[in-house]
Amino acid sequence: MPEPTKKDETPNGEKVWSLGEGQAPEDLDKPVDTPPLSSLLIERPQGGSITVGGDISFVAKVEAQDLLRKPTIKWFKGKWMDLASKTGKHLQLKETFDRRTKIHTFEMHIIKAKDNYAGNYRCEVTYKDKFDSCSFDLEVKGFSEGHEDAGDLDFSGLLKHREPKQDETPEVDVWEILKSARPDQYEKIAFEYGITDLRGLLKRLKKTKKEEKKSEAFAKKLDPAYQADKGGKIRLVVDLADPTVELKWYKNGQEIRPTPKFIFEQKGTQRILVINNCGLNDDAAYSVAAGEEKCTTELFVKELPVKITKEIEAVKTTVNERIELECEVSEVGAQVKWCKNGVEVSTGPRSRYRVKSDGLKHWLIIDDASKEDTGTFSLMASGGTSEAKVQVELKPLKIIQDLQDMTVLLGQPLKMHCEIFPGNVPGRWYRNGQLIQSNDRINILQRANTLHDAGDYTFVPEGYSQSLCAKIHIVDPPRVHLESLNFPDNTVTIVAGNKLRVEIPISGEPAPRVILDSGHRVRAETFPDHTSLTIDIAEKEDTGNYKIVLQNEAGEAGASVKVKVVDIPDPPEVPLVTEVGGDWCSMTWEPPIYDGGSPILGYFIERKKKQSSRWMRLNFDLNKETTFEPKKMIEGVPYEVRVFAVNAIGVSKPSEPSKAFVPLAVTSEPTMLVVDDVTDTTVTMKWRPPDTIGAAGLDGYLVEYCIEGSKKHSIDIVTNKELTEKTKYTITGLPPEAKILVRVRAINAAGASTPRTLQHSILVKEVIEPPKIRIPRHLKQTYTRKVGEAVNLVIPFMGKPRPKVSWLKEGQTVDPTQVTIRNTDCDSIIFIRKAERKHSGKYDMKVEVENHVDTAIVDIQIVDLPGPPQCVKIDEVWGGNVALDWTPPKDNGNAAITGYTIQKADKKTMEWYTCIEHYHRTCITITELVVGNEYYFRIYSENMVGLSEGATQTKDSALIVKEGMQLKNPEYIDHDFKEPPKFTQPLINTFAIAGYNATLNCSVRANPRPKVIWMKNKIAIIDDPRYRMFSNQGVCTLEIRKPSPYDGGMYSCKAINDLGDALVECKLEVKGQFWLEGYLVTCGVCYPPVYSVRCLDSMVM
């Protein structure tokens, strides 16, 4: 019985899993819940053979023609290890899918194979209730156990990493001990025999103790487990109850075929499987099937421990020598571990230690030995350990060249050189007994940067008692350090009146003597590290160069310092005012003669009223130029200005004030100059006053004109050559059909303004303007007034010369005694003092200019109170209800009846009470009447003016009788509400202004709801973003967004349903304006388009 497997530890302490964590042999007898085998794999992975370090790939293919999703695939090594969690640098799994052939391809790549990768592998494919499996072997040639760790795929081979027991003890059958032991002794036995997986042990023991069922096929089954040595031979024997039963052997679920390795033997009822030359890949689960029954076992292949045949020899040497530790083991390619003082030696690329092996021999090599390599080195194998001591000593010190005393200039390199044997011995440097730490400035080569580097230097080799000494002396010549003053160009600037003290750093060893070449007002003082120059009160005359000379034994040095005394500048010259405006002036001045030794940075400007003594600064930012324009002054008030100069020191005294000046400005040019009227000999111009009129006011206007083509303007002045104060002027005496240019100037005390010139020339010729009636918006629909009210309508029109206006009513001349009509040059007025119903009707207006005619229609409706309803009668009485019926009044007051008011009165009191108001129908049922009372009813008609003056009363009364009466239900005939489309409100001719939205409205009644189509010039409007169409409660609206003159024309609205169709039309005219050679062209595009040209002043526009 083999020893139960457990979790082992590799030599480096990492935990790995052995086969013992897999399924117990007893569990293999139980049926596994695996789907039945089916042919999912169309290409199965085939076994292969590679050498150590080689690459190999295994491919499995599954046809997905009948699969709805990707199948699940798993790769195993041995019985239980799932390789999906072991992917890395040595193992890669890859999946691809070919959409054209509908084939899934699964690949397993083993990279840089190691000897322990050999063994049996298995591929399992699952899809819903389908299952397929394939087993294949991998053989790795050139086994060498001296290679690096096998990696994650090493599992059964990990058995060889177990630490062998030092004492040889006979094999013990742990299973027999556990079976006969009490449960409280299990833990003690597991600890004694090195079993760590106690839980798995108890689980397997429990299954082992179960009473086995008697088998019908097997007289004796396979043992639960077998153990064989590596390279040995094993026999698996099973005894059959029925020798005629067909027998099959399996390894990890795959059938075993007879080969020289696997030999099948038969001896009576016994069937024997012989496995020759057992290897690690034979460590697997084996089963035998006899008919429907099956028994299983597990084979463990055991490796022999590696023993040490030649011990390591002790080594004693000196530093920098080569050390080789040699050891010989009992097996070629065995895995060993080198340790120093019990700690494993690192043999990586950056390590000082190298390991090599050749056959049974193993070496640890140290190329350059040091004292740190002293210690106990050991080699550990699975069958033993060998130790040896290594001792590394120093070599004797020999001084070849000692340190020399030196004198060095300050700042020069200081190189102290000595030569000893051995040459690579490290050491420490000391200065005056203090340890010198290595840094960026001091190394083996040292630069003497400071005087503190002088002193006694000592070099002490590490590990030796001897030392080397030398004395260093440093000399420094004199120097003047002007650069540390940070003065530009070595110039010291001081403000006049202040004290000047300049400290100039100096250096030198020994301390230098200072000689200063200076004037009688300068005091010089000398200190060990600097010299100073002092002037108590600086003046302009102190400006100059001062020379300093340093002397000592090492040499001489000199330098110059420039002193510059600065002050505020002199005041500028008197400013001169060169130009004056309405609230501003332009001034200039000369810079000051002396700038104070510092450049002028700018100027400050101040002003004041002449009568005032208070100056006001005009700029807070320095003015860089010598010109300035003061602004925001009051016209007519005299002012004076003055200037200050500014440099880096301060502000100068003010200049002398300028001569007094008075701001006064002409007006701005006249505005809105347009042509008002043109005849054959005159041109009338209109304009507006200037936007800006100064304090000098406005005296009048000067109108100038010239014939187009002449170079100069001739002046026409109205009456006695005086200025005109009006903003309208008529130029007379002009030659007919001449072209003139006109301009206007505004005149005041300051002079004439810039002229306003008409952009285009004017043709002296009267222009005929076709008439055009401009009906107000509220008159485009029916104009309604009540009887007795006044009617006053003003209808403007255009046309030149003065148009002729005529009115007709219903085709007849308007009676002047009934309607008063008054016409002017630009409008016509209809006036009715007291309107009567006979004044209602359509009034036709006609405007004529020579052969040009324009017409318009004004619909006037005079409304009055309606008459009372007719034939009011009681139709039926039942319960507390009375049904009334009546007919509309004969006289509706020239307006539509909008409703009725019904009242009731008790016969006893005859007091009238309103039952309902604004009722639209001509029949009604009055409810909630008091039983036993007798009622009369009366009805008023109502229109837009109000209720009729009288009411129609029922001739009969309605008696509300008590219960017992029966109601006779009348029979009603359903009313057919279907009707073809009919426009209740037609479209109205409309005028629009270009650029302003225009709307066309009409209303239609129809049942069922009609389809509404809008058309322009009989072409349907469809998906045009310039138009928006609305329809709400029968009201149809067409909105034209910002129309242009080209949007004018004939618009129509068509309503269609199943019973018929209806059409209404109107004319839309869009007004647009533009200038053409001095004339304002008004373009009204309708159908057909009409154009008119007139001279129009911009105010009318």
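Tutor: Let us start with a term for accessibility: buried means under 20% relative accessible area, exposed means over 50%, and partly exposed is in between. Take Asp891, which has 32% relative accessibility and therefore counts as partly exposed. Keep in mind that this is a predicted model.

Student: What is the mean pLDDT of the chain?
Tutor: The mean pLDDT is 82, and 85% of the residues reach 70 or more. Where pLDDT is low, the predicted coordinates should not be read in detail. Here pLDDT stays under 50 over residues 143-170, and also over residues 713-720.

Student: How many helices and strands are there in the chain?
Tutor: The chain has three helices and 88 strands. Of its 1101 residues, 41% count as buried. Among contacts with a separation of 6 or more, 64% are between residues 24 or more positions apart.

Student: Back to Asp891: with which residue does Asp891 form a salt bridge?
Tutor: The partner is Arg837, with the closest N and O atoms 3.0 Å apart. Arg837 sits in the loop between strands 67 and 68, and Asp891 in the loop between strands 71 and 72, so the pair ties together parts 54 residues apart in sequence. Arg837 is partly exposed too, at 31% relative accessibility.

Student: How many salt bridges does a search of the whole structure find?
Tutor: The search finds 40. One of them joins Lys261 and Asp282, at 2.7 Å from N to O. Lys261 lies in the loop between strands 16 and 17, and Asp282 in the loop between strands 18 and 19, 21 residues apart. Compare the two ends: Lys261 is partly exposed at 26%, whereas Asp282 is buried, with a relative accessible area of 1%.

Student: And Asp1047, is that residue buried or partly exposed?
Tutor: Asp1047 is buried, at 4% relative accessibility. Its side chain meets that of Arg1026 in a salt bridge of 2.9 Å, N to O, and Arg1026 is partly exposed at 39%. There is also a network of salt bridges, which links Arg322, Glu324, Arg354 and Asp367.

Student: How is a pair of aromatic rings described?
Tutor: By the distance of the centres and the angle of the planes. A search of the whole structure finds 12 aromatic pairs. In one of these, the ring centres of Phe58 and Phe136 are 4.6 Å apart and the planes are at 35 degrees, so the pair is tilted. Phe58 is in strand 5 and Phe136 in strand 11, so the pair ties together parts 78 residues apart in sequence. Phe58 and Phe136 are both buried.

Student: Which residue forms a stacked pair with Phe136?
Tutor: Tyr121 does, at 5.9 Å centre to centre with 10 degrees between the planes. Tyr121 is in strand 10, 15 residues from Phe136, and is buried with a relative accessible area of 1%. Ring pairs link Phe58, Trp75, Tyr121 and Phe136 into a cluster.

Terms used:
Residues numbered from 1 in each chain as written. Predicted model: local features only at pLDDT ≥ 70, side-chain atom pairs only at ≥ 80, totals over all residues. Heavy atoms only, no water. pLDDT = per-residue confidence, 0-100. Contact = heavy atoms within 4.5 Å. Helix = DSSP H or I, 4+ residues; strand = E, 2+ residues; numbered from the N terminus. Buried < 20%, exposed > 50% of the residue type's maximum accessible area, 1.4 Å probe, protein only. Phe/Tyr/Trp six-rings, centres within 6.5 Å; stacked < 30°, edge-to-face > 60°. Salt bridge = Lys/Arg side-chain N within 4 Å of Asp/Glu carboxyl O.
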